[in-house]
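Hi everyone, thanks for making time. I'd like to walk you through a structure that may be new to you, so let's bring it up on the screen.

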Amino acid sequence: MKTIIEPFKIKSVEPIRMTTREEREVILREASFNVFKVAGRDVIIDLLTDSGTGAMSSEQWAAMMRADESYAGADSFFRFRKSVRDIMGYEQALPTHQGRASERILFKLIGEPGKVIPNNAHFDTTRANVEDSGSEAIDLPIEEAKNSSSNHPFKGNMNVPALEALIERVGADRIPLVMVTVTNNSGGGQPVSLENLRQVRAVCDKHNLPMFLDACRFAENAWFIHQREPGQEGRSVREIVREMFDMCDGATISAKKDGLVNIGGVLLIRDEELFQRASTSLILTEGFVTYGGLAGRDLDAMAQGFQEVVEHDYLSYRIRSTEYLGTRLLDAGIQIVEPAGGHAIFIDAGKFCPHIEPEHFPGQAVACGLFRYGGIRASEIGSVMFGGEGRPRPNMELVRLAIPRRTYTQSHIDYVIEATVELFQDRDKLKGLRIVEEPPSLRHFQARFEEI
Ligand code: F0G
């Protein structure tokens, strides 16, 4: 097989400031060993997130110039709605400034103390919005999701028997909706199969429950279905995407991922009465229903992004380039969450440096090492993010290398591989860390560390 090249040419460039190992040592100490405190200009390859960090196409920039900034009924809104109708098949759509705004509106309307929201795995803002409404957020991943070396093709699937058991235990009247996150970010960027979605739908139908998607990475999920699910290879991603959305009663979307934009979100709701209540809530905090806290130009960029993200050439490059990184790390003996995810590679830091106990944050040690060795910024997803007073230890100590869309070339990724492998060869030198200062919640953003 030939190299799958980036299916684009570069028209506009942003310089990367090169730093030396000595400079990075000083930067890391000044940032108290927390890469969230490092300035973007001090980073060589930024893999902190794939959210809002991608490059837009020339057609998206052209669409932004064409945009209409009318307060109500802007042409940009109608182009946005037309694109959503075309790709997702929903007649009505509310624009929001990003995914968590859609989540806040939805859960404020349907959540309250005593209610329970099941999901294959809640993303942290989704969980926070569910809990803020007074409801309980419950994750129901399949067993394979807990094992980094299991190669299940749809490791993002929801555990359907566990869903049925939950409904049995708490009663359907306490469950306002069932949510499925595609792809499952917290679980390693792993996809959910159509078959699993159909099974969840059947359970929802049996108990008369609405089913919603957290559809941030809907196109990447559909590509995995096209590639891996028996009988799906002959269908286009557009068809598969449509089937995923047709099955559901609504969706929250962060367009900062598969909308290929730097800011934007969508809230989809089929039920007319709930849609009207959401519209009122949107006006209260986000903006009028035809702009939802965005500029007209952001709506046009989204309208165009949703069309580009379902193209097969784009998706084949996107998923292949993430897999390339994963395969090369595995070849070097570095355990990642297998198989490679869509938007990110998750390094198993517990296995990378087994000499560092979870209480001394192996993931944070690897994240600091990547910055020292290569100026690479990645995020810890382990005991720093999920731990703290009275909270259970997470299953795995991970470091996420999230790949911004259409931003880095294969040589950038080769550089990431070289630096990571060099760090792995020196892994015995990695030191654990201790927290010297932490805020009461969401400590991974703000905490200060020192090396032991
Ligand atoms: N749902 C999922 C599955 C996500 O990954 C994110 C964001 C959101 C919802 C919230 O969307 O940021 O637009 O408000 N994930 C980013 C990340 C931040 O780095 O994984 P948002």
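Let's begin at Pro339, which sits in the loop that links helix H12, residues 312-331, with strand S9. Before I go further, please keep in mind that this is a predicted model.

To find Thr183, look in the loop between strand S5, residues 178-181, and helix H7, residues 194-207.

While we are on backbone details, have a look at Ser32 as well. You will find Ser32 in the loop between helix H1, which covers 21-30, and strand S1, which covers 45-46. Its phi is near 50 degrees, a positive value in a residue that is not glycine.

Now let's follow strand S9 into its sheet. Three strands make up this open sheet, in the order S9-S12-S11, and they pair in an antiparallel way. Strand S9 (344-348) and strand S11 (379-381) are the edge strands, each with a single partner, so one side of each has no neighbour in the sheet. On average, neighbouring strands here are turned by 30 degrees against each other, if we ignore direction. As a reminder, strands of a sheet pair through backbone hydrogen bonds.

How many bridges join S9 to strand S12? There are five, and S12 takes in residues 398-402.

Please turn to helix H14, residues 362-374. This helix lies across S11 and S12, and runs at about 40 degrees to S12. H14 also meets H1: the axes of the two helices come within 7 Å and cross at roughly 145 degrees. On the H1 side the contact involves Arg21, Arg24, Glu25, Ile27, Leu28 and Arg29, and on the H14 side Cys368, Phe371, Arg372, Tyr373 and Gly374. By type, the residues of this contact are five nonpolar, one polar and five charged.

Arg85, Asp86, Ile87 and Met88 of H3 meet Arg238, Val241, Arg242, Phe245 and Asp246 of H9. The residues of this contact divide into four nonpolar, five charged and no polar.

Finally, let's visit the ligand. Which of the 17 residues around the ligand come nearest? They are Thr49, Arg100, Asp214, Ser254 and Lys257. Zooming in on Lys257, one of its polar side-chain atoms lies 3.0 Å from a nitrogen atom of the ligand. Asn185 has a polar side-chain atom 2.8 Å from an oxygen atom of the ligand, and Arg217 has one 2.9 Å from an oxygen atom of the ligand.

Note on methods
Residues are numbered from 1 along each chain as its sequence is written. This is a predicted model: local features need pLDDT of at least 70, side-chain atom pairs count only at pLDDT 80 or more; totals for chains, interfaces and linings use all residues. Side-chain values use heavy atoms; hydrogens and water are left out. Contact means heavy atoms within 4.5 Å. Helices (H or I, at least four residues) and strands (E, at least two) are DSSP runs, numbered from the N terminus. Ala, Val, Leu, Ile, Met, Phe, Trp, Tyr, Cys and Pro count as nonpolar, Asp, Glu, Lys and Arg as charged, and the others, Gly among them, as polar. Two strands pair if DSSP finds at least two bridges between them. Axes are lines fitted to C-alpha atoms, for helices over the stretch in contact, and angles run from 0 to 180 degrees between N-to-C directions. A residue is near a molecule or strand if one of its heavy atoms lies within 4 Å of it. A polar contact is a pair of N or O atoms within 3.5 Å; within protein, one must be able to donate a hydrogen and the other to accept it, and residues adjacent in sequence count only if both atoms are side-chain atoms.
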